[in-house]
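Here's a quick briefing for anyone meeting this structure for the first time. Take a look at the model, then read on.

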Amino acid sequence: MSSRKADLIAGVASIVVALLFGFQGRELSLASKVFPLVLEVFLVMMGLVLVVRGLTGCKEQHSDQEKIDYGRAWLVVVASLVYVACINYAGFYVSTFVFLTLLSWWLSDRGRNLPSLGISGLFGLLVTAALYATFWLFLKVPTPQGLLF
């Protein structure tokens with residue numbers, strides 16, 4: 001599949017997903033609609049960028065084709081499914097921390113060593129803390145509770 005065609009498909013798909021989310025969330029109160037609305041606007045804007053890029057043919061020129069690492073792609077898919085399944089058991093924040101830490105460590109180009117695990121752990125901790133502050137403290141939106149948190 002050409003890069004232009006892939007951009008068009010991804011752009012239209014993201015716009016359709018954003019519109020479906022907007023349709024689903026139309027009954028939400030204004031306070032609980034703010035965050036999803038920001039994400040929907042972002043999805044539409046990025047979708048439009050992809051559609052325009054696909055129509056105008058703007059793409060980076062590469063001398064050789066980039067190869068897709070299907071092993072990494074499947075790892076992300078399987079890890080995401082395990083993450084979603086674990087949210088109700090371990091809790092949203094614990095599952096998110098473990099998921100982000102282990103996946104970023106495994107996919108890291110620095111290798112699978114202790115310093116790399118430390119950097120990945122710090123990354124997971126910072127993102128999880130940002131999610132906690134956003135959802136629990138700022139928006140006061142409950143997240144799935146598990147056995148651990």
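Let's start with aspartate 69, which counts as partly exposed because its relative accessibility is 46% (buried means under 20% relative accessible area, exposed over 50%, and partly exposed in between, with a 1.4 Å probe and protein chains only). This is a predicted model, so local features need pLDDT of at least 70 and side-chain atom pairs count only at pLDDT 80 or more, while totals for chains, interfaces and linings use all residues. Residues are numbered from 1 along each chain as its sequence is written, and side-chain values use heavy atoms, with hydrogens and water left out.

**Layout**
- The protein chain splits into domain 1 (3-56) and domain 2 (70-138), with bounds that come from an automatic or database domain assignment.
- Between the C-alpha centres of domain 1 and domain 2 there are 25 Å.
- Aspartate 69 sits in the loop between helix H2 (30-56) and H3; helices here are DSSP runs (H or I, at least four residues), numbered from the N terminus.
- From aspartate 69 to serine 104 it's 35 residues in sequence and 16 Å in space, C-alpha to C-alpha.

**The nonpolar core**
- A nonpolar core is a set of buried Ala, Val, Leu, Ile, Met, Phe, Trp, Tyr and Cys residues joined through side-chain atoms within 4.5 Å.
- The largest one has 9 residues, including Ala79, Tyr83, Phe99 and Phe135.
- H3 and H4 are the elements that give two or more residues to this core, and H4 gives the most, with 5 residues.
- Alanine 79 is in contact with Phe99 and Leu103, leaving aside neighbours within four places in sequence (contact means heavy atoms within 4.5 Å).

**The second largest pocket**
- About 210 Å³ of space lies in this pocket; a pocket is an open set of points on a 1 Å grid over the protein atoms alone, where a 1.4 Å probe fits, with protein on both sides within 12 Å along at least five of seven lines.
- It's lined by 13 residues, and among those closest to its centre are Ala79, Val98 and Phe99 (lining residues have an atom within 4 Å of a point).
- Helix H3 (70-90) and helix H4 (92-107) each give two or more residues to the lining, and H4 gives the most, with 7 residues.
- The lining divides into 12 nonpolar residues, 1 polar and no charged.

**Serine 116**
- Serine 116 is found in helix H5 (residues 114-138).
- Serine 116 counts as buried because its relative accessible area is 2%.
- Not counting residues up to four places away in sequence, serine 116 touches Trp105, Ser108, Arg110 and Gly111.

Methods
Grid points are joined across faces, edges and corners, and a volume is the space filled by probe spheres set on the points. Ala, Val, Leu, Ile, Met, Phe, Trp, Tyr, Cys and Pro count as nonpolar, Asp, Glu, Lys and Arg as charged, and the others, Gly among them, as polar.
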